[in-house]
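Q: I am new to this structure. Please take a close look at how one chain packs, both within itself and against its partner.

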Amino acid sequence: MAAKTLIINGKHVSAEENATILEAATEAGISIPTLCHLDGVYDAGACRLCLVEVAGISKLLPACTTKVAEGMDVSTDTERLRKYRRMTLELLFAERNHVCAVCVSNNHCELQTLAYSQGMEHVRFEYRFPKWEVDNTHALFGMDHNRCILCTRCVRVCWHIEGAGTKNESGRGAKERIITDLNQPWGASDTCTNCGKCVMACPTGALFYKGSTVSEMERDRSKLEFIVTAREKKQWIASE
Amino acid sequence: MSFLDLDEFLIELAGKVELVFSPVMDVKEYPENVDLCLVEGAVCNEDNLEMIHKVRRRTKILVSFGDCAVTANVTAIRNQLGLGNAESVLQRAYVEGAQSNPGVPREPGIVPLLLPRVMPVHEVVRVDYFLPGCPPPADRIKAVLTQVLSGVEPKLEGLQLKFG
């Protein structure tokens with residue numbers, strides 16, 4: 001496979017032809033904040049946290065869905081990007097009801113971690129306080145739409161890794177929501193295999209194991225990694 | 001209350017500051033020309049609203065202290081009930097949940113009316129610095145107070161900014 005040479009933060013980097021900017025950066029040891037990206041499933045470009053600047057292009061591009069090109073000059077950590085990342089995080093917090101203090105994922109949440117690591121000390125936008133439901137109809141898992149950021153990781157692992165296609169999206173904009181099958185209670189789903197991959201994939205407290213209370217929801221991604229490694233590398237081993 | 005977690009630092013602090021107003025002090029009126037105020041809690045009723053404006057007018061440095069002040073936190077969950085949420089929560093607490101004498105307490109001038117919407121402090125007045133946490137850990141409080149006392153602009157970073 002042909003290699004492409006590009007520049008990331010002033011550093012010359014070589015990447016495989018079909019690699020994304022995110023893959024090239026990760027390979028070169030340059031970290032770009034991500035939220036909807038999950039190793040092993042296709043990228044959706046949903047969260048906009050990984051936006052980068054590419055010289056000669058005025059708009060910002062998501063590193064996870066933009067392919068590398070020869071001679072591309074990428075910046076991943078500029079004043080402008082930091083400003084937008086913080087704004088994106090604040091909008092995510094303002095959009096639904098994220099109450100860290102009483103959340104199952106407190107201290108283990110990717111949204112919470114990104115917020116403090118990007119210096120978000122308060123949300124400048126007015127909180128919307130929408131009314132969302134909690135679906136507790138499934139025997140093992142629950143879904144709290146208040147904490148969902150619509151990253152669609154659950155939809156992608158359900159379709160791409162498990163192959164069940166239970167999790168889907170419905171609606172657009174602020175009314176978009178994750179649904180089960182054709183919008184029915186999770187517990188009534190004919191397609192759900194109870195595998196729990198969606199719960200393992202969720203970055204916030206939106207999907208949880210029933211019975212977990214504040215700060216108790218810790219996610220084990222090793223099963224996802226195991227399957228992805230087996231599929232991609234034909235090796236039946238779980239990485240550390 | 002997490003302020004008391006400062007333990008022995010409280011003694012050191014007492015030697016450097018003059019405490020002029022606090023829930024643990026018998027002072028009725030918020031004084032003039034206050035250097036620094038740590039504001040705890042969200043703005044949820046008419047008394048809070050009047051008080052926060054007074055605090056802002058009379059204070060040089062206002063710090064939003066703890067998740068309730070910074071995000072409105074659990075206290076703002078009633079906002080999710082939409083219009084009429086103030087009446088709904090009162091009904092729930094004082095009528096539906098009452099074991100005896102059901103009835104919403106109404107004493108104009110004594111019992112403050114709930115605002116239609118619970119707000120974080122910065123939505124009502126200008127806030128100088130934010131100190132999140134539920135509760136804010138002692139080292140975080142100490143970091144901000146130490147910076148202010150040494151004349152440095154307080155700045156928290158990384159884990160020190162964690163909500164929850």
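A: Chain A and chain B meet through 20 residues from chain A and 25 residues from chain B (contact: C-beta atoms, placed from the backbone, within 7 Å). This is a predicted model, where local features need pLDDT of at least 70 and side-chain atom pairs count only at pLDDT 80 or more, while totals for chains, interfaces and linings use all residues. Residues are numbered from 1 along each chain as its sequence is written, and chains are lettered from A and ligands numbered from 1 in the order in which they are written.

Now look inside the chain. Chain A is divided into domain 1 (3-77) and domain 2 (87-233), with bounds from an automatic or database domain assignment. The C-alpha centres of these two domains of chain A lie 25 Å apart. Their contact takes 13 residues from domain 1 and 19 residues from domain 2. The domain 1 side of that contact has ten nonpolar, one polar and two charged residues.

Next comes the core. The largest nonpolar core has 93 residues (buried Ala, Val, Leu, Ile, Met, Phe, Trp, Tyr and Cys joined through C-beta atoms within 7 Å; buried: 20 or more other C-beta atoms within 10 Å of its own). Ala24(A), Cys154(A), Leu207(A) and Ala42(B) have the most contacts inside this core. Helix α4 (residues 153-162) of chain A gives the most to the core, with five residues (helix: a DSSP run of H or I, at least four residues, numbered from the N terminus). Domain 1 and domain 2 of chain A each supply at least three residues to this core.

Zoom in on Cys154(A). Leaving out residues up to four places away in sequence, Cys154(A) touches Lys167(A), Ile178(A), Cys198(A), Ala201(A), Cys202(A) and Leu207(A).

One more helix deserves a stop. In helix α3 (residues 110-117) of chain A, six of the eight residues are buried, so this helix is largely enclosed by the rest of the structure. The buried residues are Glu110(A), Leu111(A), Gln112(A), Leu114(A), Ala115(A) and Tyr116(A). Helix α2 (79-95) of chain A is among the elements that cover them. Just after α3(A), Gly119(A) takes a positive phi of about 80°.

Terms used: Buried ≥ 20, exposed ≤ 12 C-beta atoms within 10 Å, placed from the backbone. Helix = DSSP H or I, 4+ residues; strand = E, 2+ residues; numbered from the N terminus. Contact = placed C-beta atoms within 7 Å. Nonpolar A, V, L, I, M, F, W, Y, C, P; charged D, E, K, R; others polar.
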